[in-house]
Amino acid sequence: MIQLIERASSFIGRTAVKSNNQNYTYNQLLERSENVAINLLNGKKDLNGARIAFLVPASFQYASIQWGIWRAGGIAVPLCEKHPLPSIEYILEDTKASTVIFSEGFEDLLSPLFNSNEILFIPSTEIGNKKGDLPNIDMERNALILYTSGTTGAPKGVVTTHKNIESQITALTTSWEWNKNDHVLNVLPLHHVHGIINMLSCALWSGACCEFLPKFSQKAVFDLLCKDEVNVFMAVPTIYFKLISYYNTLTGPEQELISMHLNKFRLMVSGSAALPVSVLEQWKEISDHTLLERYGMTEIGMAISNPYNGQRKPGHIGLALPGVEIRLADENNETITEIGLPGEIQIKGANVFKEYWNKPIETRDAFTLDGWFQTGDIAVLDEGSYKILGRNSVDIIKSGGYKISALEIEEVLRTHPKIKDCGVVGIPNIEWGEIIGASLILETNDLDIEELKDWMSEKLPSYKTPKKYIIQDDLPRNVMGKVTKKDIKDLFTNGQ
Ligand code: MLC
Ligand code: AMP
């Protein structure tokens with residue numbers, strides 16, 4: 001039994017989702033997800049873990065397809081609306097997806113794949129109103145595959161079970177006191193946990209309403225936040241930065257009006273990347289809210305959070321959420337017992353993912369011998385609250401809340417005929433956290449950077465495309481011949 005879906009019957013007449021200015025009740029969500037499930041089953045009793053990918057905007061459609069896949073016994077594989085075809089193809093091939101459900105607007109993008117013999121492409125408009133018997137789903141079964149970048153080149157599929165998801169949801173609904181009168185505005189993409197678990201699923205678990213804004217814009221967000229319907233808001237630091245910048249361009253009376261509405265909110269959360277203290281302070285000035293900063297990861301959902309009630313420490317991420325076991329470990333994976341010494345955050349608990357899809361070696365390597373998941377994030381316990389100090393890999397970049405592998409970008413750049421070698425780094429940036437910089441070693445001298453950007457945009461989503469470039473004669477290396485990324489970073493940050 002998937003509790004998240006079972007619970008919907010106690011909220012039948014309430015609004016579950018608001019999208020495109022329309023309200024959809026829990027009853028409609030149950031009915032439509034049943035239609036999706038019966039269509040997918042197409043006479044079978046159970047999808048038995050078939051991977052069903054779907055490419056639809058953040059909307060009621062998204063929620064009903066996700067639930068429909070689960071109710072039919074499938075594994076949901078949400079695709080990103082901003083991905084170019086090669087990124088989508090990679091996921092379809094890696095998961096061996098049996099079906100792709102897509103909505104209007106994505107037909108042109110996907111059409112080169114339509115002649116595939118292995119994948120069934122279903123336009124969402126063709127899902128009829130069929131009803132029928134649905135299988136009983138055990139909570140230990142796989143539910144979701146989300147793609148995340150790591151220290152190896154290509155993204156890995158993170159598999160979570162229904163039980164993992166339930167545990168990730170309940171840690172947040174209890175700690176942050178979600179209730180059925182909540183109404184969250186969800187402006188984040190729905191191929192990552194922040195948008196899927198923290199907002200959509202927590203709202204649906206609680207009988208609350210999740211409103212979608214498919215395309216982020218500062219004005220549209222403020223317009224919605226000022227309608228006195230939304231009372232919970234969550235975003236990545238970049239979005240708070242962008243909202244503050246926009247607010248600062250408004251007239252005094254416009255600012256006062258916005259502040260008056262924001263003041264009434266129950267909860268405002270920041271996460272997915274470090275929240276600069278200056279952003280926290282400016283948002284406090286505007287909204288009178290101290291943003292609740294929390295820490296999470298695709299593999300674990302949320303693990304550490306500042307308190308809902310109680311003092312939220314700027315620059316800190318708080319303490320373990322209920323059901324999550326945390327330790328700081330040294331390089332030998334020994335627990336650090338001395339307070340104030342930094343170590344890697346390691347996690348145990350029902351929230352921790354099951355495996356990387358089809359990658360037993362990577363899965364094994366992600367855990368210590370005694371079963372702790374190694375996050376790669378370095379933290380310290382400081383005045384009773386964890387504080388992130390950095391990551392143990394220079395090859396992971398966080399930009400606008402997206403985790404990006406420098407190696408993945410380098411691999412793509414090296415396939416360009418005019419590029420001999422390259423080194424990709426994250427450059428610290430107050431708005432984006434980091435922006436991507438690439439140092440290029442050229443085969444020929446006539447590389448046009450604008451043309452290169454166009455070429456990249458056909459291969460990678462825009463958020464994975466370097467924003468800054470330098471051309472070098474050779475990459476900086478240490479005595480072992482290994483590229484010294486720190487020197488490349490310095491070139492971008494200090495021009496040294
Ligand atoms: C967009 N751009 C980015 C970018 N996103 N550049 C660097 N990093 C990013 N993340 C660039 C585009 O390339 C484009 O550049 C320009 O910004 C405008 O593009 P856009 O698509 O119109 O941008 P916008 O819609 O403003 O997007 C900004 C954003 C988006 C902050 C809304 O990046 C976003 O939704 N981020 C959230 C990602 C997220 O959900 N992460 C959670 C992962 S889960 P140009 O040159 O073409 O003009 C996780 C676990 C946890 O981390 O703890 O939550
Ligand atoms: P992802 O793999 O996209 O889920 O990103 C997870 C990573 O985001 C973590 O490993 C951290 O590096 C980072 N992260 C999430 N929340 C925070 C936070 N509050 N502060 C700093 N980094 C964070």
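Throughout these legends, contact means that heavy atoms lie within 4.5 Å. The model is predicted, so that local features need pLDDT of at least 70 and side-chain atom pairs count only at pLDDT 80 or more, whereas totals for chains, interfaces and linings use all residues. Residues are numbered from 1 along each chain as its sequence is written, chains are lettered from A and ligands numbered from 1 in the order in which they are written, and side-chain values use heavy atoms, with hydrogens and water left out.

**View 1. The loop around T465.** T465 is found in the loop between α14 (449–457) and β25 (468–471), where helices (H or I, at least four residues) and strands (E, at least two) are DSSP runs numbered from the N terminus. With a relative accessible area of 7%, T465 is buried, a term that stands for under 20% relative accessible area, as exposed does for over 50% and partly exposed for values in between (1.4 Å probe, protein chains only). Once its neighbours within four places in sequence are left aside, T465 is in contact with I436, M456 and L460.

View 2. The secondary structure of the protein comes to 15 helices and 25 strands, and along its principal axes the C-alpha trace spans about 65 × 55 × 55 Å. For 496 residues a compact globule would have a radius of gyration near 23 Å, and the 23 Å of the protein agrees with this; the radius is taken over C-alpha atoms, and the globule rule is 2.2 Å times the number of residues to the power 0.38. Of the 496 residues, 57% count as buried. Among contacts with a separation of 6 or more, 66% are accounted for by residues 24 or more positions apart.

**View 3. The nine-stranded open sheet.** Nine strands form an open sheet with mixed pairing, in the order β2-β1-β10-β9-β11-β12-β13-β14-β15, two strands being paired if DSSP finds at least two bridges between them. At the edges stand β2 (22–25) and β15, each with a single partner strand, so one side of each is left without a neighbour in the sheet. Strand β1 (residues 15–19) pairs with β2 in the antiparallel sense over four bridges, and T15 has T25 as its bridge partner in β2.

**View 4. Two helices lying across strands of the sheet.** Helix α2 (residues 26–41) lies across β1 and β2 and runs at about 75 degrees to β2, with axes as lines fitted to C-alpha atoms, for helices over the stretch in contact, and angles from 0 to 180 degrees between N-to-C directions. Helix α8 (residues 218–225) lies across β9 (183–186), β10 (209–212) and β11 (232–235), and its direction is at about 175 degrees to β9.

**View 5. Strand β14 and its partners.** Five of the five residues of strand β14 (residues 301–305) are buried, so this strand is largely enclosed by the rest of the structure. Strand β13 (residues 292–297) runs antiparallel to β14 and is joined to it by four bridges, and the two form a hairpin with three residues between them. β14 also pairs with strand β15 (residues 319–320), in the antiparallel sense and over two bridges. I304 takes part on both sides, as the bridge partner of Y295 and with A320 as its own partner in β15.

View 6. L172 is found in helix α6 (residues 162–175) and, at 1% relative accessibility, counts as buried. Not counting residues up to four places away in sequence, L172 touches E177, W178, N198, C202, M302 and L321. E177, one of these, is in the loop between α6 and β9 and is partly exposed, with a relative accessible area of 40%. Although E177 is not a glycine, it has a positive phi of about 55 degrees. Most residues other than glycine have a negative phi.

**View 7. Cysteines without a disulfide.** The structure holds zero disulfides, a disulfide being a pair of cysteine sulfur atoms within 2.5 Å. For C80, the nearest cysteine sulfur is that of C210, 17 Å away, while for C210 it is that of C209, 7.0 Å away. C80 is buried, with a relative accessible area of 4%, and C210 is buried as well, with 0%.
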